[in-house]
Amino acid sequence: MHDAPDFLRALTIVLCVAAVTTVVFQRLHQPVVLGYIIAGLIVGPHVPIPLVADNETVQTLSELGVILVMFSLGLEFSLRKLGQVGPRAGLTALLETSIMVWLGFLTGRLFGWTSLQSLFAGAVIAISSTTIIVKAFAEQNVRGRFEPKKP
């Protein structure tokens with residue numbers, strides 16, 4: 001179990017770094033989710049001077065962040081909109097997810113992981129990449145059909 005004051009201090013640091021990166025990336029007109037990834041690198045344990053030294057606390061906070069992102073996507077999900085986009089979106093989602101699972105599986109096997117571990121890594125990559133794309137598109141107001149620009 002985490003010591004409450006240390007955990008709250010770490011949570012405060014993480015939220016402050018995330019707030020700063022949010023403002024910076026909004027002003028740069030970049031997806032805020034990219035700022036959150038940079039914030040994770042800043043507070044993570046793999047920097048020369050870690051802001052949050054306890055690896056267990058960083059792990060807990062990162063899991064909480066993933067849960068909140070997935071929850072926010074679930075709040076925005078609409079079966080009516082899904083029905084409107086039809087089979088084309090379903091085919092695209094199936095293709096993108098399959099490719100990401102396959103690439104994650106191959107990467108896991110290159111690391112020497114078991115087949116089950118590699119499959120799990122591929123599934124995690126597929127879910128997280130889709131989540132990041134959806135968030136980035138939502139922030140950039142990318143909607144509707146994509147058509148190539150005419151010269």
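Leaving aside its neighbours within four places in sequence, with which residues is Thr 22 in contact? Thr 22 is in contact with Val 32 and Tyr 36, where contact means heavy atoms within 4.5 Å. The structure is a predicted model, in which local features need pLDDT of at least 70 and side-chain atom pairs count only at pLDDT 80 or more, whereas totals for chains, interfaces and linings use all residues. Residues are numbered from 1 along each chain as its sequence is written, and side-chain values use heavy atoms, with hydrogens and water left out.

The overall architecture comes first. The chain contains five helices and zero strands, and its elements run α-α-α-α-α from the N terminus on. Helices (H or I, at least four residues) and strands (E, at least two) are DSSP runs, numbered from the N terminus. Of the 151 residues of the chain, 20% count as buried. Buried means under 20% relative accessible area, exposed means over 50%, and partly exposed lies in between, with a 1.4 Å probe and protein chains only. The accessible surface of the chain comes to about 11600 Å², and 71% of this surface belongs to carbon and sulfur atoms. Such areas come from the Shrake-Rupley method with a 1.4 Å probe; for residues, only the protein chains shown count as cover. Among contacts between residues at least 6 apart in sequence, 54% join residues at least 24 apart.

Helix α1 covers residues 4–27. The 24 residues of α1 should span 34 Å at 1.5 Å a residue, and the end C-alpha atoms are 35 Å apart, which agrees. The expected span is 1.5 Å times one less than the number of residues in the helix. The buried residues of α1 are Phe 7, Ala 10, Val 17, Ala 18, Thr 21, Thr 22 and Phe 25. Two of these residues can be followed in detail. Thr 22 counts as buried because its relative accessibility is 15%. Thr 21 is also buried, with a relative accessible area of 7%. When residues up to four places away in sequence are not counted, Thr 21 touches Gly 35, Tyr 36 and Ala 39.

A search of the whole structure finds one salt bridge, defined as a side-chain nitrogen of Lys or Arg within 4 Å of a carboxyl oxygen of Asp or Glu. The side chains of Asp 6 and Arg 9 form this bridge, at 2.7 Å from N to O. Because Asp 6 and Arg 9 are three residues apart in helix α1, about one helical turn separates them. Asp 6 is partly exposed, at 40% relative accessible area, and Arg 9 is likewise partly exposed, at 48%.

Beyond α1, the chain reaches His 29, which lies in the loop between α1 and α2. His 29 has a positive phi of about 55° although it is not a glycine. Most residues other than glycine have a negative phi. With a relative accessible area of 64%, His 29 is exposed.

Helix α2 covers residues 32–43 and includes Ile 37. Ile 37 counts as partly exposed because its relative accessibility is 39%. Together with Leu 34, Ile 38, Leu 41, Ile 42 and Leu 51, Ile 37 forms a nonpolar patch on the surface, with about 480 Å² of accessible area. Patches are made of residues with over 30% relative accessible area and no salt bridge; like charges are joined within 9 Å, and nonpolar side chains (Val, Leu, Ile, Met, Phe, Trp, Tyr) within 5 Å.

Thr 97 lies in helix α4, residues 79–110, and is partly exposed at 33% relative accessible area. Its C-alpha atom is separated by 9.1 Å from that of Gly 122, 25 residues apart along the chain. Ser 128 lies in helix α5, residues 115–139, and is partly exposed at 35% relative accessibility.

Finally, the aromatic side chains give a count of one aromatic pair. Phe 111 and Trp 113 form this pair, which is tilted, at 5.4 Å centre to centre and 40° between the planes. Rings of Phe, Tyr and Trp (its six-membered ring) pair if their centres lie within 6.5 Å; planes under 30 degrees apart count as stacked, over 60 as edge-to-face and the rest as tilted. Phe 111 is exposed at 57% relative accessibility, whereas Trp 113 is partly exposed at 37%.
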